[in-house]
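Biologist: Please show me the sequence and the model. I would like to go through the aromatic rings.

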Amino acid sequence: MPTKCEDITNLFNFPQYAGKCSFFEHGGSTALPQGLGWFILVGLGAIFALVPTFLIWFERRYGNTSKDSENFSTAGRSIKAGLTACDIVAKWTWAATLLQSSNVAFKFGISGPFWYAAGATVQVLLFAILAVEIKRKAPTIHTFLEIIRCRWGTTAHVIFTVYGFLTNIIVTAMLILGGAAVMEALSGVSVYAASFLIPAGVVIYTAVGGLKGTVVAEWLNVCVIYIAMLIFMFQVYATHKDLGSIATVYMRLRVVEIRHPVHNNMGGSYVTMFSKSGIIFGIINIIGNFGTVFVDQSYWQGAIAAKPSATYRGYLLGGLCWFAIPFTFATTMGLGARALDLPVSDMEAKRGLVPPALAVHLMGKGGAFLMTLQLFMAMTATACAEQMAVATIVAYDIYKPYINRNADGRSMILLQRIMVVIYAIISGVVSVILLKLNVSLDWVYLFMGIVIGSAVFPIAASLTWSKCSSTAACVSAVVTTPLAIMTWLITAAKLNDGKLNLDTTGQQYPMLAGNLVALFFSMILCIILSYIFPQEFDWAELRNIPVIESDPNSDPNTFDGEDSPEALNHVICFTWATGGSLTVLLLILWPILALPAKVFSQNYFTQWAQPDGLRSTIPKRYYSSLNQSCPMFPVHVPVLRCGTPPALLSTGCDCCTARMSCR
Ligand SMILES: NC(N)=O
């Protein structure tokens, strides 16, 4: 194993990577000219801001849309299922969805994308239950905190408002941390400038259009995200000369595992679900994402904006559509980068630079541009939803109840617009602070559940469990957060001889311990305290939460037909059953059924990595040329004869295909 950078060679003899310890060398030339980086941030930001702004203007001018404050904060509670699903996909696709998922694929192999995708899909599927409950029990709300205030009073309201803001700031900071790092690596644009320009791009249409503005913009963002993902996927698995087929990716991964085995994976392999680190990441991921869905106003806002009958359809469909993004993208970019033995350093991977590295290798400047554009779309879609969420909380949970009880619709809209701008600035400042502290995307992603995980159960119970009391909700959240932080720090100190820094606190075991305590201790405490200090809440009280302006076209109390309360009473059982079954399928059945495959054969890997679209598109001749068997690899492995790993030579495979030439 080489110890000095100069001694490093690329396993597949790509000369450009000889002697390199990192892909994006500091001070080296960037894939894109800096001017293009600025154009993406400012120019594209402006173009993508103008399109939704125009559409909103058009709808107001020629449609029959009300301009009142209810419409601004709730999009008239009239969004249909397709757009609701699109809204979910857009705001749940963070920079981390592309970058962190690829990081765990690069580190842990195929289990990384699976645990990332499954571990962050189930929350959306289960949130469908709360989405229906909102319409059944509290159809007039604007924020989830209004339910808390109505049920549990001011103290609880203040406590959970703090958790709400913490969630918004953590999610926004992660967006900007990942996005700014990629912008800098690919174009040389300053991370600090990017930190302010990324949230600035969406301020215009969020402030002009309110919630409807964000929803209109999101379909555009989602289109670009999927198209870019498909282009990368076809490059890696179908067309590129260095990879270009599932079999080649598989073979190369099997070769790479000899030089870079995955610690704690079966056989050190990248193609197995027997991955201890993968499962630990999965548990942390599940807990953290319960926090960022259930405690984030923007997901409640999506449900509030939906027509009653669109809630469960939109969330179930949105969750399933979203699953495809991290699963496919990371299985493509993370494994692709590994399969080429790209010299991405550990720190670069933690900052989210695995996909940009592969994009540059595959398509040069074009790949860098496509990656930047895709990421920009992911960031802006979530940034506008977070800005709107914060603005709505400030207006409906601080200004109206505590500062001006008689606030009218005009002043509420004005305040929300001002808050959109202020929050864009605050999020830039927070990101700059985190960048100065050298905090990586990976660290924040694993850490998020420790801070907000304790609020998940009480918030979910606020709409599903009538006996959960204010004392239980407040005490369980407030006691558990410091306990989770202590557990995390003590575990890090114990495992590292008392040394506490970003490296030691970012390790898996301390993060796992803190996350587990945050979610489960708070849940157990909340249940016990609710039996000791019970409350019997009458759900009918939630129907008294007032609207500010009453619009006869979208009065939340007068929905009928499939949107009526009676129809929703039937739907709730279906939603529990579907959300629950899909959760069991994704988190238990699927991974268990993959275990007998141990280290995947090439055929198994092909089924795993190969969506139907790709299967039908890859020319048959690739299969026929690659599916001849060989003792260890059921395909021809040119690198065995011409290349390096001596261990593989003993397998007796000495065949070269024309597709993989020795350099
Ligand atoms: N939205 C997530 N967790 O990527």
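Biologist: Is Phe447 buried or exposed?

Modeller: This is a predicted model, where local features need pLDDT of at least 70, side-chain atom pairs count only at pLDDT 80 or more, and totals for chains, interfaces and linings use all residues. Residues are numbered from 1 along each chain as its sequence is written, and side-chain values use heavy atoms, with hydrogens and water left out. Buried means under 20% relative accessible area, exposed over 50% and partly exposed in between, with a 1.4 Å probe and protein chains only. The relative accessible area of Phe447 is 16%, so Phe447 is buried.

Biologist: Which class does the pair of Phe600 and Tyr604 fall into?

Modeller: Rings of Phe, Tyr and Trp (its six-membered ring) pair if their centres lie within 6.5 Å; planes under 30 degrees apart count as stacked, over 60 as edge-to-face and the rest as tilted. Phe600 has 0% relative accessibility and is buried, whereas Tyr604 at 30% is partly exposed. Their ring centres are 4.5 Å apart and the planes stand at 50 degrees, so the pair is tilted.

Biologist: Which residue has its charged end over the ring of Phe12?

Modeller: A charge sits over a ring if NZ of Lys or CZ of Arg is within 6 Å of the ring centre and within 35 degrees of the ring normal. Tyr402 has Arg149 over its face, at 5.6 Å from the ring centre. For Phe12, the charged end lies 4.3 Å from the ring centre and belongs to Arg252.
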